[in-house]
Amino acid sequence: MNPVRKATVLISGTGSNLQALIDAVASGRLDLDIVHVISNVADAAGLQRAERAGIRSSILEHGRFADRAAFDAALALL
């Protein structure tokens, strides 16, 4: 038996793709455990979707970093 895959989902807006994943998991069409949602926008509506689904979320605003490499390094630590 294969273990359930764990996933972190990155969002920046409404979280429509996140919701599609949540729905697919709930219906049994996708064998996945969404364990974390990370947004680079503090007020992204998708964070509410994560909260309603009981998924841990974090905000990591890319504008606070000097460059993409610094953002990516911080992202890898979440």
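**Buried sides, cores and contacts**

Modeller: The exposed residues Ala69, Ala76 and Leu77 sit on the face of helix 3 that is turned away from its buried side. This is a predicted model.

Biologist: Which residues of helix 3 are buried?

Modeller: Phe71, Ala74 and Leu75, within a helix that runs over residues 68-77.

Biologist: What puts them on the same side of helix 3?

Modeller: The arc. They cover only 105 degrees around the axis, so they share one side of helix 3. Strand 1 and strand 2 are among the elements that cover these buried residues.

Biologist: What makes Asp67 a cap for the N-terminal end of helix 3?

Modeller: A side-chain oxygen of Asp67 lies 3.3 Å from the backbone nitrogen of Ala69. The cut-off for a polar contact is within 3.5 Å.

Biologist: How many aromatic pairs does the structure hold?

Modeller: One.

Biologist: Why is the pair of Phe65 and Phe71 given the class it has?

Modeller: The ring centres are 5.7 Å apart, and a pair needs them within 6.5 Å. The planes stand at 75 degrees, and over 60 counts as edge-to-face. The pair is therefore edge-to-face.

Biologist: Now helix 1. Which of its residues are buried?

Modeller: Leu18, Ile22 and Ala24, in a helix spanning residues 16-26.

Biologist: How do you know where they lie around helix 1?

Modeller: Their arc around the axis is only 165 degrees, which means that they are on the same side of helix 1. The buried residues of helix 1 pack against strand 1 (5-11), strand 2 (32-39) and helix 2 (46-52). Just after helix 1, Gly28 has a positive phi of about 85 degrees.

Biologist: What makes up the largest nonpolar core?

Modeller: It has 12 residues: Ala7, Val9, Ile11, Leu18, Ile22, Leu32, Ile34, Val37, Ala44, Leu47, Ala50 and Ile55. Strand 1, helix 1, strand 2 and helix 2 each give two or more residues to this core. A second, separate core has five residues, including Leu60, Phe71, Ala74 and Leu75.

Biologist: What does Ala44 touch, leaving out residues up to four places away in sequence?

Modeller: Ile11, Ser12, Gly13 and Ser39.

Biologist: Why does Ser58 count as buried?

Modeller: Its relative accessibility is 15%. Buried means under 20%, so Ser58 is buried. Ser58 lies in strand 3 (residues 57-59).

Biologist: What joins the side chains of Ser58 and His36?

Modeller: A polar contact of 2.7 Å. The limit is within 3.5 Å, and 2.7 Å meets it. Apart from neighbours within four places in sequence, Ser58 is in contact with His36, Val37, Ile38, Ser39, Leu47 and Leu78.

Biologist: Where is Asn40, and with which side chain does its own side chain make a polar contact?

Modeller: Asn40 is in the loop between strand 2 and helix 2. The partner is the side chain of His62, at 3.0 Å. That value also passes the test of within 3.5 Å. With neighbours within four places in sequence set aside, the contacts of Asn40 are Ile11, Ser12, Leu60, Glu61, His62 and Phe71.

Note on methods: Residues are numbered from 1 along each chain as its sequence is written. This is a predicted model: local features need pLDDT of at least 70, side-chain atom pairs count only at pLDDT 80 or more; totals for chains, interfaces and linings use all residues. Side-chain values use heavy atoms; hydrogens and water are left out. Buried means under 20% relative accessible area, exposed over 50%, partly exposed in between (1.4 Å probe, protein chains only). Helices (H or I, at least four residues) and strands (E, at least two) are DSSP runs, numbered from the N terminus. The arc is that of the directions from the helix axis to the C-beta atoms. Contact means heavy atoms within 4.5 Å. A polar contact is a pair of N or O atoms within 3.5 Å; within protein, one must be able to donate a hydrogen and the other to accept it, and residues adjacent in sequence count only if both atoms are side-chain atoms. A nonpolar core is a set of buried Ala, Val, Leu, Ile, Met, Phe, Trp, Tyr and Cys residues joined through side-chain atoms within 4.5 Å. Rings of Phe, Tyr and Trp (its six-membered ring) pair if their centres lie within 6.5 Å; planes under 30 degrees apart count as stacked, over 60 as edge-to-face and the rest as tilted.
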